[in-house]
Amino acid sequence: MTSRALIRIAVPLLALAAIGASARAADNAAVPPARSPEGSVTWSLADVTSMALKNHPLILQSDADVAAAVARKGQARSAWYPSVNLSTGYSRVRSLNTSTNENLTTPNEFARGDLDWMLYDFGRTGASVDRADANAAVSRENAATTREDVAFVATVAFYNVMRAEKTVEFQRENLRQQEALYRQASAFYEAGVRAKIDVVRAEANLYDARAQLSQAENGLRVARITLLQRIGVDGPADFRLSGDLPEFSLPGTLQDWVAEAERNRPELRALVEKERAATESLRLARAGYLPFLVGSAGYGYGAEEVPLQQNYELAVTLNYPLFSGFQTREQTKEALATISSTQYEFIETKRRVRLEVEVSAFGVQEAQERLSARKKQRDASEENLRLATARYEVGAGDIIEMTDAQAQMVRSETDTINTAFDFAVSHASLLRAMGR
């Protein structure tokens, strides 16, 4: 081989090597890493759930509902105590006296106190108090359910922000690679090594990467404001998140998790209290067939003219409801039907709890297996991209092979990120199903 032929071969190879080196240098400096703002607040998952349980309006509303239910219990207990009323006044009555056929004016001044007391109502008040107590317990369990729901939704929102941040970070890296490929393809074209179609294809992929980055950044903005709404606060807007994805290490078997859910879930405890309230309503309804004993007393002063004269009254009354238009009978039927309805609701809720635990457990297992496969897929895609890049830089590969490798890398990295956070959400879902 002549020296002239060696020169013709060596010059393009040296040009390709120089272009590849410059592209790698530009590749490392294309997109600098984003620096975190100084002075911004950093939240962990525990911080986020704590703020949600403290600030979310649904939590405050459920606490107010519990306070109202407790107050209704106090109202029911008030029937055990007497009622005392003080009154004073003046009246002037003008009426016709039929015996004298003359108008007669009668003034009256009085000051008195009255006491009324339900001496015995054959269990009515006791049933009302117990029913109100059961309803207050239902409100407390409903509040516990609301707390678990709010904490779970805040957890999911936390992971969604982290997912969006990872996606933006990767899309920035993808954009940096597409910019490097575009510069490299342009340099090859200017050196006469590659055709213009390489530049056009690289440019199209570059704009696609910019669009994907813009979409990812918008998804991050939406995820951040959604997290603020989920925890019931309005800011700060520049918050940062810290924490790692959970490791699945729950001890026990599926049956153990189901049994724990049946013990812990406040929905089931609420239905037990709801059945107790219905039972007390039945006792209260049946008490309508029984009499009740009322005592009353009054003491005061009154007369037509001063000085006022002392007066008092005492009374004990036994009332027996003989007929109330079948109201007591229908109230009893309603209470019995409510008990049956609550029992069936408990059975259905227990089955739903078991289903949630089983579905969540299988979801965790599936996400864990899928994550392992996605990581291997990502590793293979990285190696494929590395080989395709090396082949393209030395002129052995074409632009189609290079862009296909980059597209495969984008898909595999995106799938890995989504699967990792799907695993985190499914893990949180299982804990929620177990009542933790």
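## Salt bridges

Across the whole structure, a search finds 29 salt bridges, each defined as a side-chain nitrogen of Lys or Arg within 4 Å of a carboxyl oxygen of Asp or Glu. The structure is a predicted model, in which local features need pLDDT of at least 70, side-chain atom pairs count only at pLDDT 80 or more, and totals for chains, interfaces and linings use all residues. Residues are numbered from 1 along each chain as its sequence is written, and side-chain values use heavy atoms, with hydrogens and water left out. Side chains of opposite charge can pair when their charged atoms come close.

Arg 276 and Asp 133 meet through their side chains in a salt bridge of 2.9 Å, N to O. This pair links distant parts of the chain, with Arg 276 in helix 7 (residues 266-286) and Asp 133 in helix 4, 143 residues apart; helices here are DSSP runs of H or I with at least four residues, strands are runs of E with at least two, and both are numbered from the N terminus. Glu 141 and Arg 269 form a salt bridge of 3.0 Å, N to O, and they too connect distant parts of the chain, Glu 141 in helix 4 with Arg 269 in helix 7, 128 residues apart. Glu 141 counts as buried because its relative accessibility is 16%, where buried means under 20% relative accessible area, exposed over 50%, and partly exposed in between (1.4 Å probe, protein chains only). Arg 269, at 33%, counts as partly exposed.

The side chains of Glu 358 and Arg 354 meet in a salt bridge of 3.1 Å, N to O. Both residues lie in helix 8, four residues apart, which is about one turn of the helix. Elsewhere, salt bridges that share partners join Glu 148, Asp 149, Arg 265, Glu 267, Arg 352, Glu 356 and Arg 432 into one network.

## Nonpolar surface patch

A nonpolar patch on the surface, with about 1,200 Å² of accessible area together, includes Leu 115, Trp 117, Phe 122 and Leu 318. Patches are made of residues with over 30% relative accessible area and no salt bridge, like charges being joined within 9 Å and nonpolar side chains (Val, Leu, Ile, Met, Phe, Trp, Tyr) within 5 Å, and accessible areas come from the Shrake-Rupley method with a 1.4 Å probe, for residues with only the protein chains shown as cover. Strand 3 supplies the largest share of the patch, five residues.

Leu 318 is found in strand 6 and counts as exposed because its relative accessibility is 58%. Phe 122 is placed in the loop between strand 3 and helix 4, is partly exposed at 31% relative accessibility, and has a phi near 55 degrees, a positive value in a residue other than glycine.

## Other backbone features

Phe 326, in the loop between strand 6 and helix 8, also has a positive phi in a residue other than glycine, near 65 degrees. The peptide bond from Gly 235 to Pro 236 is cis, with omega near 5 degrees, and Pro 236 is in the loop between helix 5 (196-230) and strand 4 (240-241).
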